[in-house]
Every structure is written in C-alpha cells, then in structure tokens.
Amino acid sequence: MSLQTNLRHVQDRIAAAAARAGRDPASITLVAVSKTQPVDVLIQAYDLGVRHFGENRVEEAAPKLAAFRRAVADPSVVFHMIGHVQSRKADEVAARFDRVHSVDSVKLVQRLARFAAGRPSPLPVLLEVNVSGEASKYGLDVSRRAEIDRVVEAAAALTSLQLDGLMTMAPIVTEPEQARPVFRALRALRDELAERYPSLTWAHLSMGMTDDFEVAVEEGATLVRVGRAIFGERQG
C-alpha cells in the first residue's frame with residue numbers, strides 16, 4: 001500500500017479506538033516513527049499532513065533533521081526523541097529535538113536542563129518507565145517509587161525543562177490485548193503522580209506502537225509512536 005493509504009488507515013484506527021473509549025480523537029497525537037527512513041520520505045509524510053516525527057538515534061537523526069528543516073520551514077513540525085539518550089549526548093538532543101520521551105535518571109535530567117537553558121522555551125520531557133520489568137528495556141523501574149520521585153523532583157526544580165507525562169514500551173506480544181495491563185499500569189502511575197505533584201501538568205502518556213496502539217488509545221495514550229504501519233518495513 002502507499003504511504004497515503006497506510007497513514008489514513010492508521011488515523012482511522014486511532015479514531016475508532018478513541019470512539020470505543022469515549023475519547024476525542026483530536027486528543028491523541030500520532031508520532032510517525034521515521035527512524036531509518038530517508039529525508040525524502042519524511043517530506044512525503046509531511047505533505048500528507050504529518051507534523052510529528054519520532055527518531056531513536058542522535059547519530060542518524062542529526063543530518064536528517066537538518067536536511068528536513070532546510071527543506072521544510074514549518075515551525076509546527078515536532079521532532080520527538082523516543083530512543084534511549086546517553087547523558088553524553090544530551091547536548092545534541094537538547095539542540096535538535098522538540099520533545100524527549102526517554103528521561104530515566106537524575107543525571108540525564110540535569111544534563112538536558114543544562115543544554116536546554118538557551119532555548120526560547122522549556123524543553124518538554126517525559127519520564128520513561130519500565131512497567132513490564134523486562135531487563136532488555138530502559139526506563140525507571142515502576143516498583144521503585146523513591147527513585148521515580150527523585151527524578152520527578154529534579155525535573156520539576158529546573159526551569160529549562162517541562163516535565164508533563166510518562167512513556168513506556170510494552171513487551172512484544174502475540175495479541176495486542178496482552179499489552180493492556182502495561183498501559184493501564186502506566187496510566188495509574190501517572191494519576192498517582194498527578195496527585196502527589198499537582199504543580200506539574202501530567203498531560204501526556206506516550207504508549208502504543210504499531211502492534212498495540214489501539215489498545216494504548218483505549219487506555220489513555222495521548223502520544224502513539226507508529227512506524228511500520230505507516231512506512232512499511234524498516235529501511236537499512
């Protein structure tokens with residue numbers, strides 16, 4: 001299928017999932033995961049209405065983002081860093097991306113804040129939480145509330161960052177429904193943190209990918225990260 005057909009199909013599935021949950025589809029942002037895709041494909045997606053793109057690796061994203069911004073002078077385009085961020089690369093992330101989904105330590109908070117200080121507005125960030133408990137996944141351990149509190153409090157104290165939600169990655173499962181408990185647990189944690197830290201907005205839940213985004217929408221996702229269902233199998 002064409003990129004246009006794929007994109008429309010994903011948007012229709014998001015709208016249907018939102019309707020099942022009694023939600024406004026407009027409250028859900030589709031982040032097109034463009035890792036490994038060349039810049040001309042991103043421009044095609046932009047021409048079809050995509051304004052949010054997700055990238056995993058700074059090394060790959062840096063030249064691509066620069067080329068895209070030269071070709072498309074549209075301030076409404078948002079580039080999301082959705083992959084693990086090494087603290088030594090915080091400067092590049094803060095300089096190139098508009099939102100970071102994968103904050104998982106006080107050290108990274110402090111590094112990002114340092115390099116975001118020169119931005120015209122605070123850098124929006126999400127805490128990545130490992131809800132599934134899989135050793136292969138990054139993120140704060142959902143059971144270690146004290147550690148989560150330390151990162152929240154560190155971010156809340158820094159004016160160059162705007163902490164406004166959580167992110168998680170569900171395990172790879174054979175049926176999307178099997179991911180529901182993970183998404184439900186992230187939403188519960190967000191609600192708990194919103195009560196304990198009411199000065200923060202907690203507006204976003206970044207959860208759901210190609211294989212399970214409809215379930216994530218039903219459980220409250222505001223940002224869904226979809227690549228393969230839009231662009232097809234990865235390039236390279």
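The dialogue below concerns aromatic pairs and a helix.

Guide: This is a predicted model, in which local features need pLDDT of at least 70, side-chain atom pairs count only at pLDDT 80 or more, and totals for chains, interfaces and linings use all residues. Residues are numbered from 1 along each chain as its sequence is written, and side-chain values use heavy atoms, with hydrogens and water left out.

Visitor: How many aromatic pairs does a search of the whole structure find?

Guide: A pair of aromatic rings is described by the distance of the centres and the angle of the planes. Rings of Phe, Tyr and Trp (its six-membered ring) pair if their centres lie within 6.5 Å; planes under 30 degrees apart are stacked, over 60 edge-to-face, and the rest tilted. The search finds 4 such pairs. Y46 and F68 are edge-to-face, at 6.1 Å centre to centre and 80° between the planes. Y46 belongs to helix α2 (residues 39-47) and F68 to helix α3 (residues 58-71), so their pair ties together parts 22 residues apart in sequence. Helices (H or I, at least four residues) and strands (E, at least two) are DSSP runs, numbered from the N terminus.

Visitor: Are Y46 and F68 buried or exposed?

Guide: Both Y46 and F68 are buried, meaning under 20% relative accessible area, with exposed over 50% and partly exposed in between (1.4 Å probe, protein chains only).

Visitor: Why is the pair of F53 and F79 stacked?

Guide: The ring centres of F53 and F79 are 5.6 Å apart and the planes at 25°, so the pair is stacked. F53 and F79 are buried as well. Ring pairs link Y46, F53, F68 and F79 into a cluster.

Visitor: Which residues of α3 are buried?

Guide: They are V58, A61, A62, K64, L65 and F68. Their cover includes α2, β2, β3 and α4 (90-96).

Terms used
Contact means heavy atoms within 4.5 Å.
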